[in-house]
Amino acid sequence: MFLLAHSGITLAAARFVEKMNKGAVRGVVDYRFILIGSVLPDLIDKPLGGLLLRETLGNGRTYSHTLAFLILLFAAGLLFKGKWRNVFLTLAGASMMHHILDGMWRSPDTFLWPLYGWRFPRGVPENWIDQWIQNFLNNPFVFVPEITGGVFLLFFLAAVSRTGIKSFLLTGRL
Ligand SMILES: [Zn+2]
């Protein structure tokens with residue numbers, strides 16, 4: 001999956017959980033870090049495995065598409081206190097959603113790294129943007145989640161503009 005599906009669907013899921021548990025999590029959900037966490041594994045791995053290590057690895061799913069990465073984020077959340085606890089736990093939850101949307105259980109050699117060895121599977125260093133456009137035009141398993149995520153993102157942007165962009169950037173609340 002790509003950016004629209006990851007960010008839109010994760011934001012909608014967080015909003016749903018917040019609405020369902022009004023009393024319990026109200027004021028806890030920081031949508032700034034939901035947004036960052038929802039795309040964090042790709043923000044790290046795509047430049048790393050796909051650009052920096054393009055010739056030797058050519059794989060856009062490496063360290064931050066692993067269970068170890070999630071455990072690290074959750075552990076940081078538990079170690080820190082106060083604001084930083086919330087930041088890391090939010091990043092961990094949103095990144096976990098990213099792994100679910102990527103279907104990482106289908107790639108145990110990556111997800112369970114380093115259980116199957118220290119090296120990540122070699123990918124094909126194809127052009128992801130071209131590939132995404134092709135899939136977006138032809139593959140319903142790509143265009144349905146991307147369009148759904150895009151619609152959710154529009155609702156999110158509308159909520160941000162109601163809250164006020166400055167207030168949102170400062171607090172992350174909607
Ligand atoms: Zn990913």
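## Helix packing and local features of a predicted model

Proline 114 lies in the loop between α6 (108–111) and α7 (128–138). The structure described here is a predicted model. The peptide bond that leads from tryptophan 113 into proline 114 is cis, and its omega is near 5°.

Helix α7 also holds glutamine 131. Glutamine 131 and lysine 81 are 50 residues apart along the chain, and their C-alpha atoms are separated by 42 Å.

Two helix pairs are described next. Two packed helices are described by the angle between their axes and the distance between the axes.

| Helix pair | Angle between axes | Distance between axes |
|---|---|---|
| α1 (residues 3–20) and α8 | roughly 55° | within 7 Å |
| α4 (residues 67–79) and α5 (residues 83–102) | about 160° | 7 Å |

### The pair α1 and α8

The axes of α1 and α8 cross at roughly 55°, which means that α1 is oblique to α8. The crossing of α1 past α8 is left-handed. On the side of α1, the contact is formed by Leu4, Ala5, His6, Ser7, Gly8, Ile9, Leu11 and Ala12. On the side of α8, the contributing residues are Pro145, Glu146, Thr148, Gly149, Gly150, Val151, Phe152, Leu153 and Phe156. Sorted by class, the contact of α1 with α8 comprises ten nonpolar residues, six polar and one charged.

Helix α8 covers residues 140–163, and its end C-alpha atoms are 34 Å apart. This agrees with expectation, because 24 residues at 1.5 Å a residue should span 34 Å. An α-helix has 3.6 residues a turn, so residues three or four places apart point the same way. Just after α8 comes glycine 164, with a positive phi of about 105°.

### The pair α4 and α5

Helices α4 and α5 pack at about 160° and are therefore roughly antiparallel to each other, since angles over 145 degrees fall in that class. Their crossing is left-handed. From α4, the contact draws on Leu70, Leu73, Phe74, Ala76 and Gly77. From α5, it draws on Arg85, Phe88, Leu89, Leu91, Ala92, Ser95, Met96 and His99. The contact of α4 with α5 has nine nonpolar residues, three polar and one charged.

Phenylalanine 74 belongs to helix α4. It is partly exposed because it has 17 C-beta neighbours inside 10 Å. Residues up to four places away in sequence aside, phenylalanine 74 touches Leu89 and Ala92. Phenylalanine 74 and alanine 92 are 18 residues apart in sequence, yet 5.6 Å apart in space from C-alpha to C-alpha.

Helix α5 has 20 residues and reaches 29 Å from its first C-alpha to its last, close to the 28 Å expected at 1.5 Å a residue. Its buried residues are Val87, Phe88, Leu89, Thr90, Leu91, Ala92, Gly93, Ala94, Ser95, His98 and His99. The cover over these buried residues includes α1, α3 (31–52) and α4. After α5 comes glycine 103, whose phi is positive and near 65°.

Technical notes
Residues numbered from 1 in each chain as written. Predicted model: local features only at pLDDT ≥ 70, side-chain atom pairs only at ≥ 80, totals over all residues. Helix = DSSP H or I, 4+ residues; strand = E, 2+ residues; numbered from the N terminus. Expected span 1.5 Å × (residues − 1). Axes fitted to C-alpha atoms, helices over the stretch in contact; angles between N-to-C directions. Parallel < 35°, antiparallel > 145°, perpendicular 65-115°, else oblique. Left-handed = near helix turned anticlockwise from the far one by under 90°. Contact = placed C-beta atoms within 7 Å. Nonpolar A, V, L, I, M, F, W, Y, C, P; charged D, E, K, R; others polar. Buried ≥ 20, exposed ≤ 12 C-beta atoms within 10 Å, placed from the backbone.
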